[in-house]
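Subject: Structure for your review

Hello,

The structure we talked about is below, with the sequence. My notes on what was found in it follow.

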Amino acid sequence: MSRLIHTWLALPATVFIIIVALSGCILSLETLNEAASSPKLNAGQTSLATLASKVKQGYPNAEQLTQTQNGLFLVSYSNDQGFNEDQIDPVTGLRVQAHQRSDLYNWMKNFHRSLRLGDVGRMFVAVVAFALLALSISGLFLMIRRLGGIRYFFKLAKGDTSQKLHIELSRFALLGSLALTVTGLFLSATTFSLIPEASTPDLAYPELSSSEETLSEPVILVAQQTQTLPIDLLPALQDVDANELVSLEFPYADDPSSVYTLETRSGLGYIDPTTGLWLDYQAHSNFYQISQFIRALHTGEGMGLWTLFLSLTSLTLPIIGITGILIWDRKRINSNAFGEKNSLNAQQRYSKGHTQTYASAQEANIIILAGSEGLSTWRFAQEFSQALMSAGNKVHLNKMNQVENYYEKATHVFLMSSTYGEGQAPSSASLFLDKAKLLSLPKDCQVSVLGFGDRQFTQFVGFAKQIEALVTKKGFKQMLPFTAIDQFCQASLETWIEKVSTCLNQSLCLQLDHKKVSPFQMQLFEQRHYGDEVNAPVRVLRFKAINNPAAVLNPTTDEVAMLASETLTSETSWPEFEVGDLVGITPPGSNFARYYSLASSDQDGMLEICVRKQVDGECSGFLHSLKEGNAIHAFIQKKASFRPARDASSVIMIGAGTGMAPLHGFIKQNEKQVPYYLYWGGRLKHSDFIYEDSLSQALATSRLKQLRLAFSRSSKPQYVQNLLTDDAKDISKRILDGAQIMVCGSRVMANDVRASLDHILKQEQLSVSELERAGRYVQDVY
């Protein structure tokens with residue numbers, strides 16, 4: 001519920017919140033400037049009688065002396081030019097400068113209160129304030145949940161840049177936004193008389209006469225004298241500290257019945273100019289004092305550091321709004337990959353025009369239960385279920401919270417879930433673990449658990465692991481081992497789907513994220529061979545773009561190839577790609593693309609990959625069999641998360657085998673000669689040291705600072721993690737100086753490297769996880 005409130009309030013309200021926040025920020029900056037420029041009086045330094053006397057000497061025609069909330073002392077007077085107002089020094093009573101609010105301030109104040117639309121605008125601003133209040137409260141609950149509980153409220157946020165900014169700035173601005181919205185709603189309520197407006201005491205103006213009766217304290221009535229006292233001798237003014245002044249109205253010179261009207265922070269009253277004593281006085285009510293405090297909380301006037309905090313809060317709100325929209329848009333795009341439009345297309349494609357319906361829980365042979373916080377996991381579950389139905393299965397799809405105690409005809413159960421925050425269940429699976437304790441399945445039913453998450457988080461696929469533990473504890477048969485999918489990686493998903501197809505002996509056709517597929521044709525023009533001597537053949541393959549759709553080596557009937565054939569024309573252009581992106585290639589006879597890291601960019605005029613031939617590897621075998629001149633279909637998948645950081649003091653690159661490919665590409669592009677340190681591991685130097693000549697040249701031109709090699713089948717076998725241990729001190733120093741670490745290669749190698757680096761960093765009270773959260777440790781593993 002909190003997420004729904006937060007999302008659907010934020011989308012329409014963000015623009016208006018930004019407008020109101022920025023206008024409030026401008027007003028608070030003016031308040032800060034006024035507070036900083038006003039001369040300060042210490043408590044007890046000057047009495048109001050002394051200050052008023054000095055003012056009257058400098059301004060004989062002074063009508064009123066006031067002090068603003070920010071401490072500016074102003075004197076209002078009239079002369080031949082009309083009515084004027086000056087700022088004065090409260091110590092000397094002398095003029096500092098003329099005082100007048102700028103036109104920008106006056107315009108912005110009106111705009112902030114009502115968008116310059118009168119009462120309608122005031123009502124609209126009140127609605128915006130209420131929306132921000134609801135967003136602040138719902139955001140607080142979401143933040144606590146995402147961070148893993150209230151005790152982790154001050155824990156550093158994780159995720160991409162937008163997520164980190166959104167959470168960290170929201171945490172900073174929470175108190176300020178709550179204060180601004182609650183006080184703003186209070187002020188709006190007083191404007192529309194929903195709450196009575198607090199006012200100063202309503203005192204009758206006194207009439208001076210010799211017969212007035214004596215009043216009880218603090219009100220003192222004194223008979224009128226024919227001679228007025230000098231201001232500095234007025235007892236009532238002598239008893240008031242100048243800092244307590246709100247306003248002092250001077251008597252009219254030509255009116256003997258005129259008196260002093262004095263408002264202080266405590267109350268309002270009248271003073272007899274002939275005796276200097278109070279004629280009447282009434283203290284401000286508690287409600288008035290509270291109202292003034294609420295107004296000051298909202299404007300920041302007279303509240304020093306609080307004003308600065310409000311200004312910073314107002315500045316952060318636009319950033320919070322923009323990052324929130326970016327997060328929502330990313331989720332929308334991710335969800336659209338498996339969205340309703342795609343689901344409809346899938347139904348039409350699979351059922352040849354007839355909409356397929358889900359079976360009931362007790363009739364289905366395949367049960368799919370999905371846990372999703374947003375929509376991505378749920379959309380994938382829909383797409384997967386449609387593929388299963390197209391293969392002739394009766395499928396029941398439901399949320400994990402709707403798990404039943406028994407599925408009578410189930411032969412396979414798929415449990416797939418994302419993880420929220422630090423290992424928590426998504427909202428649609430929050431009840432699953434408790435309800436599933438009663439779950440029982442037919443004897444031969446097989447279960448598969450699929451987890452979706454982001455490796456930046458410490459509890460990566462944490463909830464899915466809890467599901468796996470429950471499945472193991474209950475002794476259910478498992479068709480496939482637990483599988484974790486990082487950031488909806490297409491390659492990992494397609495591998496999992498292929499394994500499911502094999503186990504079910506059914507061809508499952510899912511076109512994942514086909515909106516992002518931009519197929520093109522390329523032709524092999526050069527290849528280099530490595531690793532044949534150690535029975536681990538490696539090929540460096542270089543392709544160039546072609547525009548002849550007829551020259552296709554693998555015209556398979558799968559959907560990717562069909563899509564490519566429909567899309568390619570003589571005007572097909574070479575796609576944009578960068579080193580570290582992935583190229584997807586579908587081998588003949590397969591429904592699934594394989595992905596390879598790019599060692600070149602489109603600016604190089606070629607596409608370069610490095611491929612090791614795997615045992616029974618369908619795609620690697622196909623690519624190794626290519627001859628120069630052969631053409632194939634391919635498409636690009638961006639991987640912007642794997643790039644050298646622009647602000648890194650140096651880059652430590654670690655790879656093994658074909659993991660050298662993108663690292664080599666980054667080194668070639670290092671025109672600024674940032675210190676790059678490469679650690680690479682292979683089998684034998686003379687057989688599979690790929691890119692040897694190019695790396696030697698990079699060392700000579702300072703594009704590579706240092707090259708460290710480890711060969712596992714040499715006379716002194718070494719692995720890349722051994723090199724890290726040997727260079728522990730240098731690596732530790734580079735990391736402390738701001739180095740970034742990039743790892744590319746097999747997952748086994750990456751795990752060993754991570755363990756070695758954690759051991760090295762332990763001496764500095766650091767960890768790889770902390771570097772990951774800071775964006776200083778990135779990896780591309782397979």
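The predicted model holds 0 disulfides. A disulfide is a covalent bond between the sulfur atoms of two cysteines. A pair of cysteine sulfur atoms has to lie within 2.5 Å to be called one. For cysteine 744, the closest cysteine sulfur is that of cysteine 610, 9.9 Å away, and therefore too far for a bond. Cysteine 744 is also buried, at a relative accessible area of 1%. Cysteine 619 is buried as well, and its relative accessible area is 2%.

Overall figures come next. The protein has 782 residues, and 52% of them are buried. Its secondary structure amounts to 22 helices and 25 strands. Of the contacts between residues at least 6 apart in sequence, 72% join residues at least 24 apart. The accessible surface is about 37300 Å², with 54% of it belonging to carbon and sulfur atoms.

On to the sheets. If you want a place to look, isoleucine 652 has tyrosine 677 in E22 as its bridge partner.

Another open sheet has 6 strands and antiparallel pairing, and its order is E18-E17-E20-E15-E16-E19. Strand E18 (594-597) and strand E19 (607-612) are the edge strands here, and each pairs on one side only. Neighbouring strands of this sheet are turned by 40° against each other on average, again with direction ignored. Strand E15 (residues 520-530) pairs with E16 in the antiparallel sense over 8 bridges. Arginine 528 stands opposite valine 540 in E16.

Which residues have the most contacts inside the largest nonpolar core? They are Met653, Leu678 and Tyr691, in a core of 28 residues. Two or more residues each come from strand E16 (538-545), E21, helix H16 (660-668), E22, helix H18 (692-700) and strand E24 (740-745). H16 gives the largest share, 5 residues. Apart from this core lies another, of 27 residues, which includes Ala381, Met389, Val395 and Leu397.

Beyond its neighbours within four places in sequence, leucine 678 is in contact with Met653, Met660, Leu663, Ile667, Leu695, Leu704, Gln706, Leu707 and Arg708.

Last, helix H2 (residues 48-58). Its buried residues are Leu48, Ala49, Leu51, Ala52, Ser53 and Val55. An α-helix has 3.6 residues a turn, so residues three or four places apart point the same way. The cover over the buried residues of H2 includes strand E1 (62-67), strand E2 (73-79) and strand E3 (82-88). Helix H6 (235-238), strand E5 (245-249) and strand E6 (260-264) are also part of that cover.

Regards

Definitions and conventions:
Residues are numbered from 1 along each chain as its sequence is written. This is a predicted model: local features need pLDDT of at least 70, side-chain atom pairs count only at pLDDT 80 or more; totals for chains, interfaces and linings use all residues. Side-chain values use heavy atoms; hydrogens and water are left out. Two strands pair if DSSP finds at least two bridges between them. Helices (H or I, at least four residues) and strands (E, at least two) are DSSP runs, numbered from the N terminus. Buried means under 20% relative accessible area, exposed over 50%, partly exposed in between (1.4 Å probe, protein chains only). Contact means heavy atoms within 4.5 Å. Accessible areas come from the Shrake-Rupley method with a 1.4 Å probe; for residues, only the protein chains shown count as cover. A nonpolar core is a set of buried Ala, Val, Leu, Ile, Met, Phe, Trp, Tyr and Cys residues joined through side-chain atoms within 4.5 Å. Axes are lines fitted to C-alpha atoms, for helices over the stretch in contact, and angles run from 0 to 180 degrees between N-to-C directions.
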